[in-house]
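Subject: Structure for your files

Hello,

Here is the structure I said I would pass on. My notes on what was found in it follow below.

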Amino acid sequence: MNALTLAALGTGFTFLMTTLGSAMVFLLRRQRESVKMQRIFMGFAAGVMIAASVWSLIIPAINMSEGMGDLAFIPAAIGFLLGIVFLLAMDKLVPHLHRGSDAPEGRPSRLSA
């Protein structure tokens with residue numbers, strides 16, 4: 001197969017899987033109200049994102065710095081820690097509400113709903 005056909009197949013597969021995942025919202029309408037089902041789906045989504053981060057970002061970063069020998073994990077670890085600090089800072093700085101809470105978190109905002 002040529003490169004264009006492989007690219008079309010890869011894009012088509014990704015499109016179909018995204019469509020299937022979004023269709024679950026409509027197919028599992030009754031379970032949306034269930035807190036247990038929400039927790040299951042959120043846990044699954046978190047697992048998928050962690051796996052994607054490890055296989056697509058962290059392991060390649062370690063492989064790219066393998067010239068450092070035993071310390072090849074240091075650049076990836078520093079990037080990981082910087083990401084954590086960034087997300088914690090955004091949580092403190094950006095105004096937001098949590099589900100089921102009326103008290104906003106983050107810095108005060110003059111925006112109204």
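Of the contacts in the protein chain between residues at least 6 apart in sequence, 3% join residues at least 24 apart. Please keep in mind throughout that this is a predicted model.

Overall layout

The protein chain contains three helices and zero strands, and its pattern along the sequence is α-α-α. Its radius of gyration is 20 Å, whereas the globule rule gives 13 Å for 113 residues; the value is well over the rule, so the chain is more spread out than a compact globule.

Leu9 and Leu93 are 84 residues apart along the chain, and their C-alpha atoms are separated by 42 Å. For Met42 and Ala61, 19 residues apart along the chain, the C-alpha separation is 27 Å.

Helix 1 covers residues 3-27, and Phe15 is placed in it. Phe15 has a relative accessible area of 56%; the cut-off for exposed is over 50%, so Phe15 counts as exposed. Phe15 also belongs to a nonpolar patch on the surface, together with Phe13, Leu16, Met17, Leu20, Met24 and Leu27. The accessible area of these patch residues together is about 750 Å².

Leu9 is another residue placed in helix 1. At 48% relative accessibility, Leu9 is classed as partly exposed.

Met42 is in helix 2. Its relative accessibility is 60%, so Met42 counts as exposed.

Ser65 is in the loop between helix 2 (35-64) and helix 3 (74-93). Is Ser65 buried or exposed? With a relative accessible area of 11%, and buried meaning under 20%, Ser65 is buried. A polar atom of the Ser65 side chain lies 3.2 Å from the backbone oxygen of Ala61. Not counting residues up to four places away in sequence, Ser65 touches Ala72 and Pro75.

After helix 3

Glu105 is found in the segment after helix 3. The relative accessible area of Glu105 is 35%, which makes this residue partly exposed. Which residues does Glu105 contact, leaving aside its neighbours within four places in sequence? They are Asp91, Val94, Pro95, His96 and His98. The C-alpha atoms of Glu105 and Lys92 are 7.3 Å apart in space, with the two residues 13 apart in sequence.

In short

The chain is an α-α-α arrangement and is more spread out than a compact globule. Ser65 is a buried residue in it, while Phe15 and Met42 are exposed.

Regards

Methods
Residues are numbered from 1 along each chain as its sequence is written. This is a predicted model: local features need pLDDT of at least 70, side-chain atom pairs count only at pLDDT 80 or more; totals for chains, interfaces and linings use all residues. Side-chain values use heavy atoms; hydrogens and water are left out. Patches are made of residues with over 30% relative accessible area and no salt bridge: like charges are joined within 9 Å, nonpolar side chains (Val, Leu, Ile, Met, Phe, Trp, Tyr) within 5 Å. Accessible areas come from the Shrake-Rupley method with a 1.4 Å probe; for residues, only the protein chains shown count as cover. A salt bridge is a side-chain nitrogen of Lys or Arg within 4 Å of a carboxyl oxygen of Asp or Glu. Helices (H or I, at least four residues) and strands (E, at least two) are DSSP runs, numbered from the N terminus. Buried means under 20% relative accessible area, exposed over 50%, partly exposed in between (1.4 Å probe, protein chains only). A polar contact is a pair of N or O atoms within 3.5 Å; within protein, one must be able to donate a hydrogen and the other to accept it, and residues adjacent in sequence count only if both atoms are side-chain atoms. Contact means heavy atoms within 4.5 Å. The radius of gyration is taken over C-alpha atoms; the globule rule is 2.2 Å times the number of residues to the power 0.38.
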